[in-house]
Amino acid sequence: MNDINVKWIAPTKWWKRGKWKLLSDFESFGNIVVPKDFISDVASIPFFARAFFSPTGKFFPAAIVHDWSLAQDLPWSEALGVFKYELSQLKEVYNIPNWRVFIVYNGVKIWGSIRDYYWRIVSR
């Protein structure tokens, strides 16, 4: 994994979230290369949980790779597997406690399930 170099893009409306733009290619632990200029919202972390789980914290690289995987039309379950692998590698590098990885992974997994269920209902 190489260093991640990003620029924050401010939201255009007060109710929207900012995004992040890669300023150089980023290669993940799983040898996935996310190209320069890719824009990601990184992590959709509820406001109340941000005191414990920063969207720009140690999980940032895994979130970028997960978003890139989805942008490449990788099925949700496969993108979730990529996210899980990246988290496991970050856990080792940064000595992240198991409970934090568990919560982050399952938060993404649950959110994905809710989102998929919602889109199935809406697209009927």
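Reader: Which residue stands opposite Trp20 in E2?

Author: This is a predicted model. In it, strand E1 covers residues 6-9 and is joined to E2 by 4 bridges, the two strands running antiparallel. Strand E2 itself covers residues 19-22. The residue that stands opposite Trp20 in E2 is Trp8.

Reader: What is the bridge partner of Ile9 in E2?

Author: Strand E1 spans residues 6-9 and pairs with E2 in an antiparallel way. Within that pairing, the partner of Ile9 in E2 is Lys19.

Reader: Which residues of E2 are on its covered face, and which on its uncovered one?

Author: In a regular strand, side chains alternate between the two faces of the sheet. Strand E2 has Lys19 and Lys21 on its uncovered face. The covered face has Trp20 and Leu22.

Reader: What pattern do the strands and helices follow along the sequence?

Author: The protein has 3 helices and 5 strands. Read along the sequence, they give the pattern β-β-β-β-β-α-α-α.

Reader: How many aromatic pairs are there, and what is the angle between the planes of Trp14 and Trp15?

Author: The count comes to 3 aromatic pairs. One of them is formed by Trp14 and Trp15, with 5.7 Å centre to centre. Planes over 60 degrees apart count as edge-to-face. The Trp14 and Trp15 pair is edge-to-face, with an angle of 90 degrees.

Reader: Are Trp14 and Trp15 buried or exposed?

Author: A residue counts as exposed over 50% relative accessible area and as buried under 20%. By this rule, both Trp14 and Trp15 are exposed.

Reader: How many residues apart are Trp20 and Phe60, which form an aromatic pair?

Author: Trp20 and Phe60 form an edge-to-face pair, 5.5 Å centre to centre and with 85 degrees between the planes. Trp20 is in strand E2 and Phe60 in helix H1, and the pair links distant parts of the chain. Both residues are buried.

Reader: Which residue lies over the face of Tyr105?

Author: A charge sits over a ring if NZ of Lys or CZ of Arg is within 6 Å of the ring centre and within 35 degrees of the ring normal. Here the distance from the ring centre is 5.2 Å, and the residue is Lys84.

Reader: Which element gives the most residues to the lining of the largest pocket?

Author: The largest pocket has a volume of about 660 Å³. Of its 26 lining residues, the closest to the centre are Val42, Ala43, Ser44, Val108 and Trp111. The elements that give two or more residues to the lining are helix H1 (60-71), helix H2 (76-94) and helix H3 (98-122). The one that gives the most, with 6 residues, is H3.

Reader: How many residues in that lining are nonpolar?

Author: By class, the lining of the largest pocket has 3 charged and 4 polar residues. The count of nonpolar residues is 19.

Reader: Why does Asp37 count as partly exposed?

Author: Asp37 is in the loop between strand E4 (33-34) and E5. Its phi is near 80 degrees, a positive value in a residue other than glycine. Asp37 counts as partly exposed because its relative accessibility is 43%.

Reader: Why does Asn95 count as exposed?

Author: Asn95 is found in the loop between H2 and H3. Phi of Asn95 is near 55 degrees, which is positive in a residue other than glycine. Asn95 counts as exposed because its relative accessibility is 68%.

How values were computed: Residues numbered from 1 in each chain as written. Predicted model: local features only at pLDDT ≥ 70, side-chain atom pairs only at ≥ 80, totals over all residues. Heavy atoms only, no water. 1 Å grid on protein atoms, 1.4 Å probe; cavity = no way out; pocket = protein on both sides within 12 Å on 5 of 7 lines; lining within 4 Å. Points joined across faces, edges and corners; volume = space filled by probe spheres on them. Nonpolar A, V, L, I, M, F, W, Y, C, P; charged D, E, K, R; others polar. Buried < 20%, exposed > 50% of the residue type's maximum accessible area, 1.4 Å probe, protein only. Pairing = 2+ DSSP bridges. Phe/Tyr/Trp six-rings, centres within 6.5 Å; stacked < 30°, edge-to-face > 60°.
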